[in-house]
Amino acid sequence: MTDRTNGIFRQARLEDVETIVSLTAQSLDFSRYCDTKEKCHAFGLGFVLGHLAESAHAVVYEEDCVVLGVLLGTIEGAPLLFDPSLEREAERQYEIAFGKEGRSDIYGECCRTMKEETGLSFQGEITLLSLRPELCGKGMGKRLVQDYCRKALEYGEKPIYLYSDTDCNYGFYPHIGFAEMRRKDICFDLGPDRDGRLTCFLYVADPKKIVANG
C-alpha cells in the first residue's frame, strides 16, 4: 500500500491479532466488564477475531514494523478477507470471558435497534478503529477512514455507519464528517460497586464526502 509520513498502510494479517487486541484495549476498557486479566484478554481476543471474521477491509498503519493503528470494516458486496470460521474461536474466547452461560448482548441489541430506526440501507460499517495515543491528532485516523471509504465506493455509494459510545473518543467522528443519527442510554449489571451506565451512538456518513474532505 502507499507510504504515508514515516510509515506504511498495509492489509492486516492474522499475526497482527495480539497487537490489535492491545490497541483496542487502549480505547475499550475490557476491565469494565471482566474481573481478571485472563478474562479481559479473552474478551479482547473474541472482540477482534469476531470483527476480522466479517471484515472486507482490514488495514493497519505501522512504523518500523510496529503496528500503531488499525481499521476494520464490512463492505456490502465485497469479499471477506479472513476465514469466517474465526467467529467460532471468537465465541470460544467469549466463553472464557463470560462463562458458558454466555454474555448478555445489551450493547448489540441497542446498536441493532438504532440502525433499524434509521430505515436506511448502508454500504458498510466501520467496526473497529484504534490508534496509539501518540498518533491522535496527526491525521492518521482520518486517513484510515478515507482509505476505507475509497474501498467502499468501489462497491456502491450508499452511506456508511459506525457505533461508538461514551467509553470511546466519539467526538472524533463528527470532526471528520460523520453525523450522529441516534443515541441510546444502556446500563450493564456490573455489580454494586461498578458503574454500568453507557451512552451509545450511531454515526452515519456519505463516503464520497469523507473522501473529498481531504
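Start by selecting Thr118 and Leu120: the backbone nitrogen of Leu120 lies 3.2 Å from a polar atom in the Thr118 side chain. That is a polar contact (a pair of N or O atoms within 3.5 Å; within protein, one must be able to donate a hydrogen and the other to accept it, and residues adjacent in sequence count only if both atoms are side-chain atoms).

Before you click on, a word about what's on your screen. This is a predicted model, where local features need pLDDT of at least 70, side-chain atom pairs count only at pLDDT 80 or more, and totals for chains, interfaces and linings use all residues. Residues are numbered from 1 along each chain as its sequence is written, and side-chain values use heavy atoms, with hydrogens and water left out.

**Stop 1: around Thr118**

Thr118 sits in helix H4; helices (H or I, at least four residues) and strands (E, at least two) are DSSP runs, numbered from the N terminus.

Is Thr118 buried or exposed? It's buried, at 14% relative accessibility. Here buried means under 20% relative accessible area, exposed means over 50%, and partly exposed is in between (1.4 Å probe, protein chains only). Now show its neighbours: leaving aside residues up to four places away in sequence, Thr118 touches Met181, Arg182 and Leu202, where contact means heavy atoms within 4.5 Å.

**Stop 2: some charged pairs**

Next, pick Lys184 and Glu117. They form a salt bridge, with their closest N and O atoms 3.2 Å apart. This pair ties together distant parts of the chain: Lys184 is in strand S7 (residues 179–187), Glu117 is in helix H4 (residues 106–118), and they are 67 residues apart. A salt bridge is a side-chain nitrogen of Lys or Arg within 4 Å of a carboxyl oxygen of Asp or Glu. Why do such pairs turn up? Side chains of opposite charge can pair when their charged atoms come close. Lys184 is partly exposed at 26%, and Glu117 is partly exposed at 37%.

Select Glu180 and Arg183 for another one, at 2.7 Å from N to O. Glu180 is partly exposed, at 37%, while Arg183 is exposed, at 52%.

Then jump to Lys39 and Asp35, whose side chains meet in a salt bridge at 3.3 Å, N to O. Lys39 is partly exposed at 28%, whereas Asp35 is exposed at 59%.

For a trio, select Arg10, Asp16 and Glu62, which are linked in a network of salt bridges. How many salt bridges does the structure hold? There are 16.

**Stop 3**

Colour residues 124–131, which make up strand S5. Eight of its eight residues are buried, so the strand is largely enclosed by the rest of the structure.

Two strands pair if DSSP finds at least two bridges between them. Look for Ile75, which stands opposite Gly124 in S5.

Glu125 stands opposite Tyr161 in S6. To get from S5 to S6, the chain passes through helix H5 (residues 140–153), and this β-α-β crossover is right-handed: with the strands pointing away from the viewer, the path from the first strand over the helix to the second runs clockwise.

**Last stop: helix H5**

Select H5 and highlight its buried residues, among them Leu144, Val145, Tyr148 and Cys149.
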